[in-house]
Amino acid sequence: MGSIAEIKNLSLAFRTPEGPAEVIRDVSFEIQEGECVALVGESGCGKTTVAKAVMGLHNDRTTIVKPGSRIEFGGRNILDFSKREWQEFRGKQVSMIFQDAMSSLNPTMRVGEQIAEAVFLHQKIEKKEALRIATGLLEQMGVANPDENARRYPFEFSGGMRQRVMIAMAMACNPRLLIGDEPTTALDVTIQTQILQLIKDLQKKRGMAVLFVTHNFGIVAGLAQRVVVMYNGKIVEKGRTEEIFYRPLHPYTQALLRSTLRMDTKKSRKDLYSIEGTPPGILHPPAGCPFAKRCSYAVAECEHAFPPEHRETGTQTVYCWQYKKEE
């Protein structure tokens with residue numbers, strides 16, 4: 001099984017009146033063919049920015065891509081793509097499901113036409129055939145009465161049904177990599193489970209890779225094979241899902257897991273751990289570990305230099321000066 005995408009030393013900054021805000025700092029990880037990788041962290045840690053960079057959705061007027069940043073897909077650095085190359089790439093090679101389907105769908109177009117547009121954009125077929133494919137995609141996504149529902153507008157659907165429409169659009173050109181940017185956050189637990197199962201089924205059936213962005217560790221175990229943990233624009237730990245869940249090494253990963261309700265423990269909501277403090281600002285990020293101010297194990301070294309990579313096993317890596325404290 002080879003690598004489908006490799007993010008290497010990715011560093012991005014947003015232009016602000018006060019200066020560059022460093023939202024992504026030296027991020028590196030890979031996604032293998034057919035696997036699901038979960039990118040996990042608190043809101044504002046930069047995980048959505050990474051996902052959008054893979055889709056080429058960063059705006060050159062507002063975003064600075066630092067020298068040395070690479071996102072390799074098929075051996076090419078897609079950050080060097082022209083506008084035309086990005087248009088060919090999106091949808092056909094990589095597709096994305098966004099968090100808020102209502103704001104992502106065009107409220108003035110019938111859903112069938114929107115899906116057909118995604119098909120028509122990349123395939124030289126008649127519009128009638130594109131609409132037929134769109135209806136079939138709705139049926140594959142579990143939408144009842146697809147012929148009738150294809151003629152409806154987004155506001156006529158529930159949140160869960162709108163998300164199924166978004167997934168149908170993302171699947172229109174059979175992408176090799178599907179990115180889910182917290183696609184179940186706004187849904188109730190029952191519908192969330194259905195959408196997650198749909199993504200798992202599609203991944204298995206089509207053999208595609210998935211990058212799943214989430215702040216919720218609770219939905220990772222049954223979905224992802226590997227986990228990448230981010231904090232304040234940096235990766236602090238990555239490894240196989242079972243390693244991260246049962247042998248977390250970084251204090252931040254440990255804190256996230258302690259604050260997650262799990263079925264295999266007797267903890268109730270009132271027993272959940274709360275991480276004290278707030279993340280540092282992105283205008284002047286710390287030179288050392290960004291979690292140092294909130295970490296009970298921190299020493300002076302933690303604040304002065306970001307820790308080097310420590311490969312605990314062949315698959316688990318941690319960036320922490322004090323990780324051995326938890327062994």
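What order do the 8 strands of the open sheet take? The order is S7-S8-S9-S3-S10-S11-S13-S12, and the pairing is mixed. Strands here are DSSP runs (E, at least two residues), helices are runs of H or I (at least four), and both are numbered from the N terminus. Two strands pair if DSSP finds at least two bridges between them.

A word on the model. It is predicted: local features need pLDDT of at least 70, side-chain atom pairs count only at pLDDT 80 or more, and totals for chains, interfaces and linings use all residues. Residues are numbered from 1 along each chain as its sequence is written, and side-chain values use heavy atoms, with hydrogens and water left out.

S7 runs parallel to S8 (residues 177-181), joined by 4 bridges. Ile97 stands opposite Gly180 in S8. Helix H8 packs on this sheet and touches S3 (36-40), S7, S8 and S9 (209-214). Its direction makes about 155° with that of S9. Axes are lines fitted to C-alpha atoms, for helices over the stretch in contact; angles run from 0 to 180 degrees between N-to-C directions.

Now helix pairs. Which helix does H8 (residues 189-206) cross at roughly 15°? That is H7 (residues 159-171), and the two axes come within 10 Å. H7 and H8 are therefore roughly parallel (angles under 35 degrees; over 145 is roughly antiparallel, 65 to 115 roughly perpendicular, the rest oblique). The contact (heavy atoms within 4.5 Å) includes Ile167 and Met171 of H7 and Leu198 and Leu202 of H8. By class, it has 7 nonpolar, 3 polar and 2 charged residues. Nonpolar means Ala, Val, Leu, Ile, Met, Phe, Trp, Tyr, Cys and Pro; charged means Asp, Glu, Lys and Arg; the others, Gly among them, are polar.

Next, H4 (residues 111-122) and H5 (residues 127-140). Their axes come within 8 Å and cross at roughly 115°. H4 and H5 are therefore roughly perpendicular to each other. Among the contact residues are Val119 and Phe120 of H4, with Leu137 and Leu138 of H5. The classes are 11 nonpolar, 1 polar and 2 charged.

Last stop, His58. It is in the loop between H1 (47-54) and S4 (63-65). Buried or exposed? His58 counts as buried, at 19% relative accessibility (buried is under 20% relative accessible area, exposed over 50%, partly exposed in between, with a 1.4 Å probe and protein chains only). Leaving aside neighbours within four places in sequence, His58 is in contact with Lys52, Ala53, Thr63, Val65 and Leu79.
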